[in-house]
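Okay, thanks for coming, everyone. Let me put the model up on the screen and then walk you through what I'd look at.

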Amino acid sequence: MGDLNIDKAKEKAISAFLKSQKGVLSANEIVEGIFAGSTKVLGQAITLLESTNPQHIEIATDVVNKCLPKSGKSIRIGITGVPGVGKSTFIESFGSYLTDQGIKTAVLAIDPSSNVNKGSILGDKTRMENLSKNPLAFIRPSPSSGALGGVANATRESILLCESAGFEVIIVETVGVGQSEYLVKEMVDFFLLLMLSGAGDEIQGIKRGIMEMADALFVNKADGTNELFSQKAAQSYKNVLHLFTAREDNWIPETGTCSAIYNTGIKNVWDIILKFKAQQTTNGWLAKRRKNQSETWLLEQVNSELKNLFLQNNEVQKNMTEITEQVVSGKITPYAGSKILMDFFTRNLK
Ligand code: GDP
């Protein structure tokens, strides 16, 4: 949360919003709005989560703490795949399928590329046009800037807020090209990988590690002349998945085909998720996975705060350049250099 670099205009907008609410909107008022299911208040609370302003952070932390007892009841689904595979089209179709059954669905996003080009995978307003108008859906674009760790942290807490606002399915979308998949895997119950037929794995940029994380792998765009190829591709993925070692949680990843445009295979994905949920509830892994995730999150948070403390330490800052020079010129090893800096840090902790 702390290292997000929200832009000035956004900070100003939040401050204006807070002022318009009789000075500072209290955490209790925000929580009340969230519990009442107000997507407007929910959106504002998430904006506070993404802020770097200490006052906003204080309110946001209070809000999350108060929402915690009401959170945790959704099924959290991560969706990944390379740009163009059809993620947003799929989510539009899948989300509509769910809301048609009265299931409240929230869509959040983590987009590492938004750091670089200031774009956002959900930033484009034309994406998920129908779902975004659906009263049972809530769509939140990825923060348009900030360190990936901070964005992930804000997303984790946003999941909790969405759950306390009554959302039963939370979808976290990310681009299948790197670090963000691992972060998303650590915050969801079920991980869906969308693939294409006819493109080599290298072209799709999907690493083996990402395939190993998937609970289901679906080949999208299985329509028209592509249908048969997609079925063949799904079969080869099934064969590949069988080569991976058996999982501790006893889940055997499923494969299939879908067409996000023609709405085929969508029900199949949901049925698999329900089957997963039932199995993993019975064998205790749904709860165990969430506990492990909380533990990881705690350690990550400590790690990042320690790192900030270290880098902000006066003595470390004074000596950093010189020690770095000694390391890069080969006078001392990086190990020795880090020991010296750690000494400066621990001696000057108080
Ligand atoms: P994203 O970048 O992964 O979010 O992909 P999009 O959802 O934006 O889709 C990329 C392109 O693929 C768009 O032109 C979609 O219309 C198209 N597309 C998405 N799903 C399907 C599908 O199931 N079948 C076909 N034929 N095209 C699709």
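Let's start with confidence, by which I mean pLDDT, the predictor's own score for each residue, from 0 to 100. Helices here are DSSP runs of H or I with at least four residues, strands are runs of E with at least two, and both are numbered from the N terminus.

Residues are numbered from 1 along each chain as its sequence is written, and side-chain values use heavy atoms, with hydrogens and water left out.

Overall, the chain averages a pLDDT of 86, and 84% of the residues score at least 70. Over residues 1–6 it stays under 50, and the model has 30 contacts beyond four places in sequence for that stretch; a contact is heavy atoms within 4.5 Å. Where pLDDT is low, the predicted coordinates should not be read in detail.

Now the fold. We've got 16 helices and seven strands. Take the contacts between residues at least 6 apart in sequence: 77% of them join residues at least 24 apart. Of the 350 residues, 48% count as buried, meaning under 20% relative accessible area, where exposed is over 50% and partly exposed is in between (1.4 Å probe, protein chains only).

One residue I like is S164, in helix α8 (residues 148–164). Buried or exposed, then, is S164? It counts as buried, at 3% relative accessibility. Leaving out residues up to four places away in sequence, S164 touches I34, F35, C67, K70 and S71. C67 is itself buried, at 0% relative accessible area.

On to the ligand. Which residues come nearest to it? Of the 15 around it, those are G84, T89, R127, D223 and A260, where being near means a heavy atom within 4 Å. A ligand oxygen sits 2.8 Å from a polar backbone atom of K87. Backbone N or O atoms also lie 3.2 Å from a ligand oxygen at I261 and 3.4 Å at V85. The protein covers 68% of the 570 Å² of accessible area that the ligand has on its own, using Shrake-Rupley with a 1.4 Å probe; for residues, only the protein chains shown count as cover.

Definitions and conventions. This is a predicted model: local features need pLDDT of at least 70, side-chain atom pairs count only at pLDDT 80 or more; totals for chains, interfaces and linings use all residues. A polar contact is a pair of N or O atoms within 3.5 Å; within protein, one must be able to donate a hydrogen and the other to accept it, and residues adjacent in sequence count only if both atoms are side-chain atoms.
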